Amino acid sequence: MSQNLLASLHKKGLNLKVYTPEYVAKHPDLQGLLSARSHVGGTPLLPPGFAWPQALWQEDGAKDESNVPLIFSAQIDLSDIQGYACAAQLPDHGLLSFFSCGDNYNYVDPNSCKVLYFEDVSSLVPTPMPETKAQLKLIPECRFQVFSELTFMSIGEIEDEVNPIVTSDGHTLTEAERTQLIDNYEDYLEQLIDEGKYAEEDFLEFLGYGYYIQNCPLQPGSVHLFTLNSAYDSEKIEWIYTIGDAGSIYFMIDSEDLKKHDFSKVFCESQCF
């Protein structure tokens, strides 16, 4: 096989493994490895009296639209990830909270989302979602653990080439190298799996490269921030929660906004198989 070009397209990021409360209860050794504040779904921590993010919703067959709450998707305690290389891009404390449409398809804009940064964690309180007449599918609370740090560029990002493709040592791929990479992507990925550099499990992904199911949803100058993947319970042989047909929601941010720790213009896209 030719030189594995994919091996040079890696970034430090966090692959996060999801655990249900039932699994954690049966594996007490995990307790010391899981954050008290970082989790998927459930009830978020918000400032007292804070207005829950909303988006327009339209019932099937209805003409009227109304604002309903977005789905709380995840929160990450940034103090938990200090010491990982990718964390240098973020504040060294505080909480990042992610809201999206989840697995609900009556939102007028299916890519509605909101990401909030709260610097003072001590002032936050558990805040249930406001009551609504809309029949919303919520995401059950699951804890997660950092599993690994290495992420690799997805085939969608390589094919769409929204941003220049630059290797980890600063080399911009030529068109011939890009073509070679596309033609051999699956073989390169299999080689990384065999070498133990890439895990086939479905993790949540924070920073680093996003692994996109379909086209690359990045805009010029933007980078991957967080991926909420559907989660499967291999013990019960059932889905914990899904995004469409085993899909994902990708949160992205302009690289300059990330440098300024400005999360007010984060955008997202939902994709599924």
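This briefing covers strand pairing, salt bridges and a charged surface patch. The structure is a predicted model, in which local features need pLDDT of at least 70 and side-chain atom pairs count only at pLDDT 80 or more, while totals for chains, interfaces and linings use all residues. Residues are numbered from 1 along each chain as its sequence is written, and side-chain values use heavy atoms, with hydrogens and water left out.

**Strand pairing**

- Strands are DSSP runs of E with at least two residues, and helices are runs of H or I with at least four residues, numbered from the N terminus; two strands pair if DSSP finds at least two bridges between them.
- Strand β11 (residues 204–207) pairs in the antiparallel sense with strand β1 (residues 10–19) over four bridges, with Leu-14 standing opposite Phe-206.
- β11 also pairs in the antiparallel sense with strand β12 (residues 222–229), over two bridges, and here Glu-205 has Thr-227 as its bridge partner.
- Strand β6 (residues 71–77) is joined to strand β2 (residues 39–40) by two antiparallel bridges, where Val-40 stands opposite Ala-74, and to strand β7 (residues 95–100) by six antiparallel bridges, where Asp-77 stands opposite Leu-95.
- Seven of the seven residues of β6 are buried, where buried means under 20% relative accessible area, exposed over 50%, and partly exposed in between (1.4 Å probe, protein chains only).

**Salt bridges**

- A search of the whole structure finds 10 salt bridges, each defined as a side-chain nitrogen of Lys or Arg within 4 Å of a carboxyl oxygen of Asp or Glu.
- Glu-235 and Lys-26 meet in a salt bridge at 3.3 Å, N to O, and this pair links the loop between β13 (231–233) and β14 (238–241) to helix α1 (residues 21–26), the two residues being 209 residues apart.
- Glu-161 forms a salt bridge with Arg-178, with the closest N and O atoms 3.2 Å apart; Arg-178 is buried because its relative accessible area is 13%, whereas Glu-161 counts as partly exposed at 33%.
- Glu-161, Glu-175 and Arg-178 are linked in a network of salt bridges.
- Glu-256 forms a salt bridge with Lys-259 at 3.3 Å between the closest N and O atoms, and both residues lie in helix α5 (residues 255–259), three residues apart, about one turn of the helix.

**Negative surface patch**

- Glu-186, Asp-187, Glu-190 and Asp-194 form a negative surface patch, a patch of this kind being made of residues with over 30% relative accessible area and no salt bridge, with like charges joined within 9 Å.
- Asp-187 lies in helix α4 (residues 185–194) and counts as partly exposed, at 42% relative accessibility.

Definitions and conventions:
Patches are made of residues with over 30% relative accessible area and no salt bridge: like charges are joined within 9 Å, nonpolar side chains (Val, Leu, Ile, Met, Phe, Trp, Tyr) within 5 Å. Accessible areas come from the Shrake-Rupley method with a 1.4 Å probe; for residues, only the protein chains shown count as cover. Lys and Arg count as positive and Asp and Glu as negative; His and the chain ends are not counted. The place of a charge is taken as NZ of Lys, CZ of Arg, CG of Asp or CD of Glu.
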